[in-house]
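Keep the viewer open as you read.

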Amino acid sequence: MLEPGQTAPDFTLPRDGGTELTLSALRPKKVALYFYPKDDTPGCTKEAIAFTGLAPEFEAAGTVIVGISKDKVAKHDKFIAKHDLGVALVSDADSDVCEQYGTWVQKQMYGKTYMGIERATFLIDQSGTIAQIWRKVKVPGHAEAVLEAARAL
């Protein structure tokens with residue numbers, strides 16, 4: 001399980017718009033890397049809209065926002081267009097990055113057990129070190145808490 005103070009595992013994944021995103025290439029900016037279960041579901045939509053609404057403040061704090069789920073890039077593109085999102089969305093179709101970050105977990109709903117993405121956010125500093133982790137995120141107020149932490153770095 002990753003902890004603050006550890007180096008954030010690097011990755012290169014396909015992103016919205018048909019390009020790729022490499023985590024280490026974003027340095028020396030800070031990164032708010034948020035894992036979410038699925039595009040266009042109520043909680044995930046609210047979270048993406050909240051991060052988008054604060055995007056100018058994140059930019060002023062030298063922080064890039066990156067959302068990551070198993071959804072394919074085409075679905076990310078539709079999600080962004082539908083809700084006018086202003087965050088980068090990357091596709092971890094094979095869950096490799098989710099597993100590295102410990103967000104690919106066993107979940108339970110209506111008595112059924114299944115594997116899925118735990119809603120979590122990793123704030124990564126300018127040198128690629130994990131500064132703070134939020135696990136089992138509740139959406140209301142979360143983007144604001146991440147912004148406050150980014151400003152403090």
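**A guided tour**

Start at H142, which is part of helix α5 (residues 142-152); helices (H or I, at least four residues) and strands (E, at least two) are DSSP runs, numbered from the N terminus. H142 is buried, at 6% relative accessible area, where buried means under 20%, exposed over 50% and partly exposed in between, using a 1.4 Å probe and protein chains only. Its side chain makes a polar contact of 2.7 Å with the side chain of T121. Such a contact is a pair of N or O atoms within 3.5 Å; within protein, one must be able to donate a hydrogen and the other to accept it, and residues adjacent in sequence count only if both atoms are side-chain atoms.

Before going on, bear in mind that this is a predicted model, with local features needing pLDDT of at least 70, side-chain atom pairs counting only at pLDDT 80 or more, and totals for chains, interfaces and linings using all residues. Residues are numbered from 1 along each chain as its sequence is written, and side-chain values use heavy atoms, with hydrogens and water left out.

Next up is S91, in strand β5 (residues 88-91). S91 is buried as well, with 5% relative accessible area, and its side chain reaches the backbone oxygen of D71 at 2.7 Å.

Most residues other than glycine have a negative phi, and most peptide bonds are trans. S95, in the loop between β5 and α4 (96-100), has a positive phi near 65 degrees and is buried at 4% relative accessibility. K136 has a positive phi too, about 50 degrees, but K136 is exposed, with a relative accessible area of 64%. The peptide bond from R27 to P28 is cis, with omega near 10 degrees.

What about the rings? Y34, Y36, F51, F58 and F79 are linked into a cluster by ring pairs, meaning rings of Phe, Tyr and Trp (its six-membered ring) whose centres lie within 6.5 Å. Elsewhere, the charged end of K70 sits over the ring of W104, 4.9 Å from its centre; the test is NZ of Lys or CZ of Arg within 6 Å of the ring centre and within 35 degrees of the ring normal.

Note on methods. Rings of Phe, Tyr and Trp (its six-membered ring) pair if their centres lie within 6.5 Å; planes under 30 degrees apart count as stacked, over 60 as edge-to-face and the rest as tilted.
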